[in-house]
Amino acid sequence: MFPVLRYQAMNYFRSYLFVPPFVIYTVLLFVNYSYRPNPIMDSYALTSILGYLLAAWFTISVFHVEAKVQETIAIVHLKSMNSFYNWKFAFVSLIGVLLSVISTSFPIAFGMFDERITFPEISIGFLSHFLLFVLSMSFTSLMTRRLVKNSANTWLGTCFMLAITLAAPGIMDILPKQLQPMMNFLPPVYPLLKWLESAPNPLFTLHAALLFLWIIGYSLVLMILFMFWIHLKRTS
Amino acid sequence: MIHIDHISKHYDHQKILDHVCFSINREETLAIVGHNGSGKSTLLKIIAGLEKPTAGRIVKKHAEMKIGYVPEQFPNNIRFSPNEYLTLLGEMEGQPLPSLKKKITDLLHTFQLSDYADIRIQHFSKGMKQKIGIMQALLSKPDFLILDEPLSGLDPQSQEELADILNKLKYEGLPILFTCHERKLLERVADRVYRINQGKIIAESVFPRVLTMEIKAVLSTDLPHPELHLETISKSFRIRDRELVIKTTEEQSNQVIVKLITNSYKIRSVNPSYS
């Protein structure tokens, strides 16, 4: 197994910092499916939001798990700051894969849905969970201690972004018309949720593909911005 | 070996380093002293490649020169054992596992931590953690070692132990650059000292060094100590019970060792020290 990934995993799991977000995730998953039957895509939309919120918590805890000096030593041995943070992103993404698998398979395994689930629905369910998790990870990384001095600002900034992205349609309604296009620059959370709730048939359409590509592209841009910013901080 | 060529560093328009310029030669131990906030640590980070200077450059003899870096204050909560931690760091460098394992075993032995190889570092004392800090820097067999305040916060015994380790590394020919506040370490280890103030080098002192070998030997028979006439080859020696401790020059140390062995002594240790 890759040594940096092993290093991240051992360090993180031994810190037990994963316990609070994971417990909250599990409890809320149980609460969400406490009655049955449930509509498939609506349920997946709701648990995707849950993953989206907790991804921020997982990201901050992974990025802050070691002291700065320990991080520096690892970067010196790896000889690449980019590589070190890429592996951090990879590790958080793996947590995202795990949670997405749990969220998608749990209601299937326990027969929580009102109808028989199809393969496209399972695939879209998994993708929506995973992509929202990655999106949340990528913008939360910009609030972590490498870039934000005060840790209180990390949490405040992240909570603010999470709230704004989820409340985007409400904000859009109260904004003056001239300012409304600005909302299109926000992380594309609401468009995905709206699409999931509308449960179109068929699911795999050009619109779905573009939506997913938009989220992937947006996340990649944020991760590149993170890398660019840490290098800028190093040289400034 | 390394030339620091007019290095300057600014943070938010604040001048941290101002045209710092000096060279580090082969087999030389160099110290940088100065008040807190004088720019010492920033200079070390720039030489180690962890930060980029605002102006100036670091000229290395070889582009792929390996630099070992020991940061100030080794982290407290490392959740790995020395074995796990050093193995992971070595693997990150791309070192092959069998030779890496051997290197780690040797390092643990040298630093007298073999008995603690599988205990998590977070449970170690400050001195032991600092040893791990130096071990990780030596893992890649560096051409040059940088230490940021290696004795900071250590008790006198740990300071003594670490000074011995640095002296040993110096004797093995490893060029060392360190910052410190402890006069004792400067006197024991440094060949040259630069004083830095407000980012500028304001003074340079050179310590001419005499290498002394301290030889400890134990008489292996019950007979009294034989007449060795050590006065001719050593200025300083003492006898306690069966043990004999002699200080001599490097050139004469072999002669002393041969003499001791032929007179039924067992050599316990030979330690270099600089005075």
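A:Gln8 touches A:Phe84, A:Lys88 and A:Phe91, leaving aside residues up to four places away in sequence. The model is predicted.

**A:Gln8 in helix H1**

- A:Gln8 sits in helix H1 of chain A, which spans residues 3-15.
- Its relative accessibility is 1%, so A:Gln8 counts as buried.
- A:Gln8 and A:Phe91 are 83 residues apart along the chain. Their C-alpha atoms are separated by 7.1 Å.
- A:Phe91 is also one of the residues that A:Gln8 touches.

**A:His129 in helix H6**

- A:His129 belongs to helix H6 of chain A, residues 119-141.
- A:His129 counts as buried because its relative accessibility is 3%, and the cut-off for buried is under 20%.
- Not counting residues up to four places away in sequence, A:His129 touches A:Tyr25, A:Tyr44, A:Thr47, A:Ser48, A:Ser100, A:Ser103 and A:Thr104.
- With A:Ser48 there is a polar contact: the side chain of A:His129 reaches the backbone nitrogen of A:Ser48 at 3.4 Å.

**Helices H6 and H9**

- Two packed helices are described by the angle between their axes and the distance between the axes.
- H9(A) covers residues 190-198. The axes of H6(A) and H9(A) come within 11 Å and cross at roughly 165°.
- That angle makes H6(A) roughly antiparallel to H9(A), because angles over 145 degrees count as roughly antiparallel.
- The crossing of this pair, H6(A) and H9(A), is left-handed.
- From H6(A), A:Ile124, A:Ser128 and A:Leu132 take part. They meet A:Leu192, A:Leu193, A:Trp195 and A:Leu196 of H9(A).
- By class, this contact of H6(A) with H9(A) has six nonpolar residues, one polar residue and no charged residues.

**Helices H3 and H7**

- H3(A) runs over residues 40-63, and H7(A) over residues 151-166.
- The axes of H3(A) and H7(A) come within 11 Å, crossing at roughly 165°.
- H3(A) and H7(A) are therefore roughly antiparallel to each other.
- The crossing of H3(A) and H7(A) is right-handed.
- On the H3(A) side, the contact is made by A:Ile49, A:Tyr52, A:Leu53, A:Ala56, A:Trp57 and A:Ile60.
- On the H7(A) side, A:Thr154, A:Trp155, A:Thr158, A:Met161, A:Leu162, A:Thr165 and A:Leu166 make the contact.
- By class, the contact of H3(A) with H7(A) has 10 nonpolar, three polar and no charged residues.

Note on methods: Residues are numbered from 1 along each chain as its sequence is written. Chains are lettered from A and ligands numbered from 1 in the order in which they are written. This is a predicted model: local features need pLDDT of at least 70, side-chain atom pairs count only at pLDDT 80 or more; totals for chains, interfaces and linings use all residues. Side-chain values use heavy atoms; hydrogens and water are left out. Helices (H or I, at least four residues) and strands (E, at least two) are DSSP runs, numbered from the N terminus. Buried means under 20% relative accessible area, exposed over 50%, partly exposed in between (1.4 Å probe, protein chains only). A polar contact is a pair of N or O atoms within 3.5 Å; within protein, one must be able to donate a hydrogen and the other to accept it, and residues adjacent in sequence count only if both atoms are side-chain atoms. Contact means heavy atoms within 4.5 Å. Axes are lines fitted to C-alpha atoms, for helices over the stretch in contact, and angles run from 0 to 180 degrees between N-to-C directions. Angles under 35 degrees count as roughly parallel, over 145 as roughly antiparallel, 65 to 115 as roughly perpendicular and the rest as oblique. A crossing is left-handed if the near helix is turned anticlockwise from the far one by less than a right angle, and right-handed if clockwise. Ala, Val, Leu, Ile, Met, Phe, Trp, Tyr, Cys and Pro count as nonpolar, Asp, Glu, Lys and Arg as charged, and the others, Gly among them, as polar.
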